Amino acid sequence: MKTIELDDDLYFYIASQTRHIGESASDILRRLLEQPAHQRVPVAEPVAVVQPSAVATRQGLQALLDSGELQKEEKSINRFMQVLSTLYRDDPVGFTQATEIKGRKRVYFSRDPEALRASGSTTKPKPVPDTPFWVITNTNTSRKQNMVAQLMASMGYGEEVIAQVCGAI
């Protein structure tokens with residue numbers, strides 16, 4: 001297997017095209033380039049894949065918390081959407097785990113708003129800004145905080161940061 005070096009924006013684009021957890025970068029690129037599953041393309045020379053560090057990819061969330069923008073927003077739904085959008089920008093691959101977060105009867109996140117509508121009669125799906133994901137919005141603030149906490153935990157955030165973000169929602 002060969003590796004390549006990518007700019008962060010290209011890495012995030014490829015990661016955002018993930019359709020399911022565990023899909024490899026090779027599978028995503030084959031699908032995007034419409035290549036057969038096992039076609040081999042000659043490689044000029046091996047290079048290393050450079051992925052953004054966890055610290056670098058989480059700077060957006062910290063900047064959002066430090067900026068005071070969340071506190072300026074009056075509605076919890078808008079704070080909720082800002083947090084989700086920022087989490088996606090910081091780690092598109094990790095955010096794909098959102099589709100695994102579900103309630104007892106409801107699906108919370110999906111790439112398809114119809115899947116959310118089908119999971120309940122009053123889900124009010126809305127697109128998460130600047131992402132391919134949709135989220136249900138007809139929940140109380142406590143449930144929104146719980147959804148964010150579950151997502152952040154699955155993305156590897158620590159309890160202290162999760163508590164800080166949920167408190168800001």
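Predicted model: local features only at pLDDT ≥ 70, side-chain atom pairs only at ≥ 80, totals over all residues.
Local features need pLDDT of at least 70, side-chain atom pairs count only at pLDDT 80 or more, and totals for chains, interfaces and linings use all residues. Residues are numbered from 1 along each chain as its sequence is written, and side-chain values use heavy atoms, without hydrogens or water.

The largest nonpolar core holds 33 residues. Such a core is a set of buried Ala, Val, Leu, Ile, Met, Phe, Trp, Tyr and Cys residues joined through side-chain atoms within 4.5 Å. Buried means under 20% relative accessible area and exposed over 50%, with partly exposed in between (1.4 Å probe, protein chains only). F80, L84, F95 and F109 are among the residues with the most contacts inside this core. Helix α6 (76–90) supplies at least two of its residues. Helices (H or I, at least four residues) and strands (E, at least two) are DSSP runs, numbered from the N terminus.

Four aromatic pairs occur in the structure. Rings of Phe, Tyr and Trp (its six-membered ring) pair if their centres lie within 6.5 Å; planes under 30 degrees apart count as stacked, over 60 as edge-to-face and the rest as tilted. F95 and F109 pair edge-to-face, at 6.1 Å centre to centre and 80° between the planes. F95 sits in helix α7 and F109 in strand β1, 14 residues apart. Both are buried.

Most residues other than glycine have a negative phi. K124 has a positive phi of about 50°, and K124 is exposed, at 55% relative accessible area. Phi of D130 is near 60°. D130 lies in the loop between β2 and β3.
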